[in-house]
Amino acid sequence: MLPAHLTCRLTLNALRRTHLGAGLPSCFIHTDGGRTRNDLHGVSTPTRRVFPKQSAICPMHRRYDTQQYGRRSFSLSAATIVNSAPALVQPYLRLMRLDKPIGTWLLYLPCTWSIALAADPGCLPHLGILTLFGTGALLMRGAGCTINDMWDKDFDQKVARTATRPIASGEISRMQALVFLGGQLSLALGVLLCLNYYSIALGAASLSLVFTYPLMKRITYWPQLVLGLTFNWGALLGWAAVKGSCDWSVCLPLYFSGVMWTLIYDTIYAHQDKEDDVKVGVKSTALRFQEQTKTWLSGFTVAMMSGLVAAGVNAEQTLPYYAVLSAVAIHLTHQIYTLDINKPEDCWKKFVSNRNLGLLLFLGIVAGNLWKERQETLLQDEEAPR
């Protein structure tokens, strides 16, 4: 019997000769959508198709992507959407990091925590406000990335991972980026104006942080702290959007916890670039902590969990919330314990896992809030005259 991979090769060649390429099962040709990742952020580039080393009878539940046979895999990933956009639009979508949505998630999640905490007992968080904040997070994260790349053009050109960014590579000029930034901020302002006056003023107050954060890496080893202050502003804004003002006994501990969380995940992220950062002369907590990184991250974890407990107590959260906090603590402990700061691929894996952590905390807040109704019902039943 011929080896499995030779059988696949002969079958493919036969189909090519007879032009019967209507689409082969994925077990004949192996490809990741006709593209492969060329950096830690998941940017895709064309790649040749290769045959698998082993072959088994593969289920025909999906077909592979190939221009030769006119088939495309069904994928709704952010990178696929960006790569499918018109060529003139793609550099702007990449400038706002639409192909790398992890940053948008990390900006959005503290907003969801605050919105969920502010919901009435026994009620789900307000879907309309969650949608507005999701749109705002997408736009403001894009604006922040645009500002960052305008400031960092010269640095980005010297680092292999960032040299292909649209401004650094020359696809977009700084003037074009400035006009694009104006468009993003205008749309974000439109979102902000949908909120109450208190929230509008509070949201506008964050712009100074958005514009100054990219400069911090030039002057301090703690740019991640400034990023935390910026990225977690939604922990204040979300509550205000629901209630009309901030309950500082809840919002401040939640905001503090978010800042600690950012110090954790962005220090891990910064370890990917520490060698290049030294070469180009920029600073980060990764360079500040070095081999003591795990000790520092452990301290930030304790501080984060303390803030979440305080926020939960002041918001009168219930058992499901604290059960989820235990799971969050375990997640962070495992993340830090297994981290290899000298392996960029492991740093990236740990970094992106924080999206799931944030979603888990959101679900815990929602469950805890729904549990309040049950508790109140039980109390009313006990107090009712018999």
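Helices, labelled H or I and at least four residues long, and strands, labelled E and at least two residues long, are DSSP runs, and both are numbered from the N terminus. The legends below describe a predicted model, and each takes up one part of it.

**View 1. The protein chain as a whole, with its helices and strands.** The protein chain holds 19 helices and two strands. Of its 386 residues, 48% count as buried. Among the contacts whose partners have a separation of 6 or more, 71% are made by residues 24 or more positions apart.

**View 2. The loop between α15 and α16, with Q290.** Q290 sits in the loop that runs between α15 (residues 285-289) and α16 (residues 293-314). Most residues other than glycine have a negative phi. Q290 is not a glycine, yet its phi is positive, at about 50 degrees. With a relative accessible area of 49%, Q290 is partly exposed, because a residue must be over 50% to count as exposed.

**View 3. R97 and R165, two arginines in loops.** R97 belongs to the loop between α3 (residues 90-95) and α4, while R165 belongs to the loop between α6 (residues 153-156) and α7 (residues 166-169). Is R97 buried or exposed? At 7% relative accessibility R97 counts as buried, and R165, at 14%, counts as buried too, since the limit for this word is under 20%. Leaving aside residues up to four places away in sequence, R165 touches R97, N148, D149 and D156. The backbone of R97 also deserves a look, for its phi is near 60 degrees, a positive value in a residue other than glycine.

**View 4. The largest nonpolar core, seen around W113.** In soluble globular proteins, nonpolar side chains tend to be buried together. Here the largest nonpolar core has 70 residues, and the ones with the most contacts inside it are W113, F133, W261, M304, L308 and L361. Helix α13, which spans residues 248-270, gives the most to this core, contributing 12 residues. W113 touches L254, G258, W261, G358, L361, F362 and I365, when residues up to four places away in sequence are not counted.

**View 5. Helices α4 and α5, packed against each other.** Two packed helices are described by the angle between their axes and the distance between the axes. For helix α4 (residues 102-118) and helix α5 (residues 127-151), the axes come within 9 Å and cross at roughly 150 degrees. These two helices are therefore roughly antiparallel to each other, as angles over 145 degrees are given that name. The crossing in which α4 passes α5 is right-handed. On the α4 side the residues that meet α5 are G103, T104, L107, Y108, C111, T112 and I115, and their partners in α5 are I129, L130, F133, G134, A137, L138, M140 and R141.

**View 6. Helix α9 and its neighbours, including α12.** The axes of helix α9 (residues 197-204) and helix α12 (residues 234-243) come within 8 Å and cross at roughly 165 degrees. That angle makes α9 roughly antiparallel to α12. α9 passes α12 in a left-handed crossing, and the contact is made by Y198, S199, L202 and G203 of α9 together with L236, L237, A240 and A241 of α12. Which residues of α9 are buried? They are S199, I200, L202 and G203, and the buried residues of this helix pack against α8 (residues 174-192) and α10 (residues 207-219) as well as α12.

**View 7. The cysteines C246 and C251.** A disulfide is a covalent bond between the sulfur atoms of two cysteines. A search of the whole structure finds zero disulfides. C246 is accordingly in none, and the nearest cysteine sulfur, which belongs to C251, is 4.1 Å away, whereas a disulfide calls for a pair of sulfur atoms within 2.5 Å. C246 itself is buried, with a relative accessible area of 10%.

**View 8. I81 in helix α2.** I81 lies in helix α2, which covers residues 78-84, and is partly exposed, with a relative accessible area of 46%. Although I81 and L93 are 12 residues apart along the chain, their C-alpha atoms are separated by 9.7 Å.

How values were computed. Residues are numbered from 1 along each chain as its sequence is written. This is a predicted model: local features need pLDDT of at least 70, side-chain atom pairs count only at pLDDT 80 or more; totals for chains, interfaces and linings use all residues. Side-chain values use heavy atoms; hydrogens and water are left out. Buried means under 20% relative accessible area, exposed over 50%, partly exposed in between (1.4 Å probe, protein chains only). A nonpolar core is a set of buried Ala, Val, Leu, Ile, Met, Phe, Trp, Tyr and Cys residues joined through side-chain atoms within 4.5 Å. Contact means heavy atoms within 4.5 Å. Axes are lines fitted to C-alpha atoms, for helices over the stretch in contact, and angles run from 0 to 180 degrees between N-to-C directions. Angles under 35 degrees count as roughly parallel, over 145 as roughly antiparallel, 65 to 115 as roughly perpendicular and the rest as oblique. A crossing is left-handed if the near helix is turned anticlockwise from the far one by less than a right angle, and right-handed if clockwise.
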